[in-house]
Amino acid sequence: MTSTAGRPAAPAFDVERYRDDFPILRTTMRGRPLVYLDNGATSQKPQSVIDATTSYYAEQNANVHRGVYQLSENATLAYEGVRAKAAQFLGARDPREVVFVRGTTEGINLVAASYGRAQLRPGDEVVVTAMEHHSNIVPWQLVCDERGAKLKVIPMNQRGELLLDQAAKLITPRTRIVAAVHISNSLGTINPVRELVAMAREHGARVLLDGAQAAPHMPIDVQALGCDFYTVSGHKMFGPTGIGLLWGRAELLDSMGPYQGGGDMIRSVTFEKTTYAAIPARFEAGTPNMAGVAGLGAAIDYLAALPWPAVHEHESRLLETATARLSEIPGVSIVGTAEHKAPVVSFVMDGVHAHDIGTIVDQEGVAIRTGHHCTQPVMDFFAIPATSRASFAFYNTMDDVDLLVRAVRKVREVFG
Amino acid sequence: MSDLSDLYQQIIVEHNRSPRNYRVMEGPSRTAEGDNPLCGDRIKLFVKLEGDTVADVSFQGKGCAISQASASLMTGAVKGKPVAEAEKLFHAFHDMVTGKAAPDAAALGKLAAFGGVKQFPARVKCANLAWHTLHAALANQDTPVSTES
């Protein structure tokens, strides 16, 4: 076990013990053990998450916030219990600050549509970064177009690191919102979000952080980050699909109008006038994804119990080894070489398109993502059509790295 | 189990490396563009018609080996052929890569090298892109062809 200089080594991470929690990791693919390296797209689920979702339907299913009967009250208690747990998980001061959404995409859309539309005036500015996922670009374009506001972009260098001196110039008194990705899905860069928050504060701008890729790799503390909104996707943090969290400061959420209209988000409705519920119900129109919430609760418990210092050591080792060994293959270049990175390795190979790489490594039982990763501006910046991306989770092993490297070498054999 | 060597036959790897008829054409009778937005494969096709004959055909493009080799081999296959013959090849090729018919080596010639594509469902669109673009050019469609309509 290696450790970063100057820091004491964490106790070794017993990866096999944790792999046992994930039934899909015992399956085979094309007759070989599955090597799942597409965690940036979606993560696998531990048995506890699968059980929580199943037992919700088997034992607890009733609509929340509606019935006076016991089963419905139990469902409501469980649902609100997960909200309290999620608040603690994110470092929120109050469970009312946590809104259940479908995922990060909906979290951003909610803030853009509700907060953005009310706040932005012609000539105002929204600032994003050059490495945003399409989901943190398009919602802002929509609202900027509608309000006559301007979208500005903080550039990055060739390593995939934000240029903070440029950011300081781009964030101005006209900036209302800074929307930034905490960890880039295509490059792996861990962004200096505290610095961005400080710049935004100077000019009174609000900050939304897209935490989709951060939640599976680090504990989140919105108070320490200092942002105003933070949003995550359940399925990328070992929870179910179709459920996520949006955290927002209570005073901001309180000031915001509804996002969607429907049941559960109202106080009273007449044909003449409707008054809206208090937060967070105001933003949760319709019957929510109750089974998803149950599963997300189990995922939060799972993450909270991980030995984080050891997980960090393990993930850095996977990242460093995969980066070094892929770089040794003739014609391979790593895309995204920031100093601070999550275990995401995007790469290109001279003369070979990413989809050919994807097909060939798939034949070896290795699942990686190939394409633009919903970050077309990042591909344009590096003047490449696509990358191949291996994104690791704590349950990946050094054997997975070996098999990845062997599979990528096979690509060289096919293409010469 | 599908076999890689069925997909990446030597001729496909070679045409990807050195595509034939890879050029912009002066004064084409028809042009058409095709793209596969999920993969980023892109081609622009130029066709010169003389009467009912495809007198010349060329392309430019970017993308995976299957899409670019398919475009290269297609240009060789349809050059000098009557339009009706080219259309017939389009259907025969389509049926082969989607698994509707076994490769007919006599009819398809070198194009039979794409017979292995049917084992890789995710790659069928790559092989078909050039042919759909040709079909659009011959039909004189002016909207770009997309595999995701």
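Helices (H or I, at least four residues) and strands (E, at least two) are DSSP runs, numbered from the N terminus. The expected span of a helix is 1.5 Å times one less than its number of residues. This is a predicted model: local features need pLDDT of at least 70, side-chain atom pairs count only at pLDDT 80 or more, and totals for chains, interfaces and linings use all residues. Residues are numbered from 1 along each chain as its sequence is written, while chains are lettered from A and ligands numbered from 1 in the order in which they are written.

**View 1. Helix H6 of chain B, residues 124-138.** This helix has 15 residues. From first C-alpha to last it reaches 21 Å, close to the 21 Å expected at 1.5 Å a residue. H6(B) bends by about 30° at B:Ala130. Here the bend is the angle between axes fitted to the seven residues ending at a residue and the seven starting there. A residue is buried if 20 or more other C-beta atoms lie within 10 Å of its own, exposed if 12 or fewer, and partly exposed in between, with C-beta atoms placed from the backbone. H6(B) is largely enclosed by the rest of the structure, because 11 of its 15 residues are buried. Among them are B:Cys126, B:Asn128, B:Trp131 and B:Leu138. B:Ala130, the site of the bend, is also buried. Just after H6(B), B:Asn140 takes a positive phi of about 60°.

**View 2. The two domains of chain A.** Domain 1 covers 15-33 + 307-415, and domain 2 covers 50-304. These bounds come from an automatic or database domain assignment. The C-alpha centres of the two domains lie 29 Å apart. Their contact takes 20 residues from domain 1 of chain A and 18 residues from domain 2 of chain A. Two residues are in contact if their C-beta atoms, placed from the backbone, lie within 7 Å. On the domain 1 side, helix H11 (308-327), strand E14 (344-349), helix H13 (376-381) and strand E17 (387-391) each supply at least two residues. H13(A) gives the largest share, 3 residues. By class, this side of domain 1 has 10 nonpolar, 7 polar and 3 charged residues. Ala, Val, Leu, Ile, Met, Phe, Trp, Tyr, Cys and Pro count as nonpolar, Asp, Glu, Lys and Arg as charged, and the others, Gly among them, as polar.

**View 3. Where chain B meets chain A.** 14 residues of chain B are in contact with 14 residues of chain A. The chain B side divides into 10 nonpolar, 2 polar and 2 charged residues.

**View 4. A:Ala407 in helix H14 of chain A.** Helix H14 spans residues 398-415. A:Ala407 is buried, because 21 other C-beta atoms lie within 10 Å. Leaving aside neighbours within four places in sequence, A:Ala407 is in contact with A:Ile360, A:Val361, A:Glu364 and A:Val366. A:Tyr115 is 292 residues from A:Ala407 along the chain, and their C-alpha atoms are separated by 47 Å.

View 5. A:His65 has a positive phi of about 60° although it is not a glycine. A:His65 is partly exposed, with 17 other C-beta atoms within 10 Å. B:Asn21 is not a glycine either, yet has a positive phi of about 55°. B:Asn21 is partly exposed, with 19 other C-beta atoms within 10 Å.
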